[in-house]
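Subject: Structure handover and notes

Dear colleague,

Please read them with the model open beside you.

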Amino acid sequence: MSAAQATPSKIDFRRLFFLFLGLFLFTVVYYSPPWPDAVDPMGKAFVLSPQGKAALALFLLAGTWWVFEVLPIGVTGLTIGVVQALFFIRPAQDAFKDFMDPSVLFIFGSLIIGAVFTKVGITKRLAYKMLIIVGERTSMIYLGCFVVTALLTHVMAHTAVAATMYPLLLSIYALYGEGDRPTKFGKGLFIGMAFVAGAGSIVTLLGAARGIVALGFYEEITGKSISFFELTFYMFPIGWLMVFLLWGFFMVFLKPEKAVIPGLRDKARQLSADMGPITRNEILASVIIFGVILFLSLQSFIPALAPFNKAAVLLVSTILFFILRILDIKDLEDVPWNIILLFAGAMSMGFCLWQTGAAEWLAINWLGFFTEAHWFVFVMAIAFFVMLMTNFIMNVAAIAISIPVSLVVAPYLGVAPEVIVFACLVTAGMPFLLLVGAAPNAIAYNSKQFTSGEFFAYGIPASIMLMGLVGLAVLLIWPLLGMPILLD
């Protein structure tokens, strides 16, 4: 019997089913008759163009392929650009230009920083110090990692935080004693980091750009402004309550197989001592990275620094790493391009929905269902819509689509504009369903501890918990803090 006969190739019917399901959904929507207009509360009609309908078709195709991972996630990202060009949804130059959007390059620069932390040994040094403090209980290791992640997102972009924490978590997981094999502890550690990075990033304007965009719309439409510290005052209890709720969530859904790692503290202390004194490269890398983070943080406070593009500033660190020979060409070849292409495709998908008018059409149709609803239902519906959209498109775009429409409708229901903005910002910061929802999700996926389907499955109960927290904030926490909920 030949080798070919002895080992027949197996057909992955599950993969083929979801591959063709995505194509079927695309075909049905793309070739369907024109869809009805969306009508806003002022009576203005929004026509869904053929390109907009095609964008929704592509949206379904990409979502199906991403969730069920029928292709490498980066290849699905490439498919988004190809389909736009071949089906004339957008010109090829627009569809593929988004693949090098500054946001994508910011993620690239963040991943390089993570690689530097690993190469020069900073992550191991930090991991050992953390384990000496938190001890041998895996529940405390979870909590320690989550708290550090959340704290860092108060002063730097959550993408950069994820890239910083990722190699540190790899070092911690290496001491768990299971090699690279996926475990509940590994899943909880990395998925938890991604979720908590989102929760922490809502607390200040430094965690992500979405806050600046939302407050800009608020000021333009209402004529009032919300200060940096006012936002933090209202968001701090929500962000940190979510951090501790997520800790409890992962202790229930992904409780580590080992309650204790015996001898871990002593081993960490010994490994820390074996590393010896801080090296030249560690000092250089720390100075460069701290300088970039400081510059990016000060942009919110010093107007003269605001015009500098964040991606360009971050990429200065990449260039300096190669100039000083901290990195070499081998390190460049080891960049996880699957993750870069994933986010490049997500960026192109987001702009496609935005520029064809499909996203606005969706938002107006959704909010149209709630114009006669109770004010609390209306607020929760807006927050829910933003939560769903931010899993597929940039959270900045989800905010830009939803808030202007919501702020126009809100006065008719007697809802104060502040609660609309803050509720949207909470859910925009925590896309727990898809890897493309936020860079920390994709960075965590690089650990190979979980599949995109598993991420989606754990994201459903986490998203339900998030919506429950938003409801609690609207009904209890924010009123107690003095936020106006209803108009006089």
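Is L342 buried or exposed? With a relative accessibility of 0%, L342 counts as buried, where buried means under 20% relative accessible area, exposed means over 50%, and partly exposed lies in between (1.4 Å probe, protein chains only).

Before going further, please note that this is a predicted model, in which local features need pLDDT of at least 70 and side-chain atom pairs count only at pLDDT 80 or more, while totals for chains, interfaces and linings use all residues. Residues are numbered from 1 along each chain as its sequence is written, and side-chain values use heavy atoms, with hydrogens and water left out.

To return to L342, this residue is found in helix α17 (residues 337-355), helices being DSSP runs of H or I with at least four residues, numbered from the N terminus. Leaving aside residues up to four places away in sequence, L342 touches W66, I73, G74, L435, V436 and A442, contact meaning heavy atoms within 4.5 Å. L342 and G77 are separated by 265 residues in sequence, yet their C-alpha atoms are 4.8 Å apart in space.

Next come the salt bridges. Side chains of opposite charge can pair when their charged atoms come close. Counting a salt bridge as a side-chain nitrogen of Lys or Arg within 4 Å of a carboxyl oxygen of Asp or Glu, a search of the whole structure finds eleven. One of them joins D98 to R90, with the closest N and O atoms 2.6 Å apart, and both D98 and R90 are buried.

Another salt bridge joins K119 to D331, with 2.7 Å between the closest N and O atoms. This pair links distant parts of the chain, since K119 is in helix α6 (residues 102-120) and D331 in helix α16 (residues 329-333), 212 residues apart. K119 counts as partly exposed because its relative accessibility is 41%, whereas D331, at 19%, counts as buried. K119 and D331 also belong to a network of salt bridges together with D328.

A further salt bridge is formed by the side chains of E418 and K224 (3.3 Å, N to O). E418 lies in helix α21 and K224 in the loop between α11 (210-222) and α12 (228-253), so the pair ties together parts that are 194 residues apart in sequence. E418 counts as buried at 12% relative accessibility, while K224 is partly exposed, with a relative accessible area of 40%.

Helix α21 (residues 417-428) also packs with helix α19 (residues 375-389): their axes come within 8 Å and cross at roughly 35°, the axes being lines fitted to C-alpha atoms over the stretch in contact, with angles running from 0 to 180 degrees between N-to-C directions. In this contact, F378, V379, I382, A383, V386 and M387 of α19 meet V419, I420, A423, C424, T427 and A428 of α21.

Finally, helix α8 (residues 138-152) has 15 residues and reaches 21 Å from its first C-alpha to its last, close to the 21 Å expected, the expected span being 1.5 Å times one less than the number of residues. Its buried residues include I141, Y142, L143 and F146, and the buried residues of α8 pack against α7 (122-134), α9 (158-174), α10 (184-201), α12 and α13 (264-274).

Definitions and conventions: Helix = DSSP H or I, 4+ residues; strand = E, 2+ residues; numbered from the N terminus.
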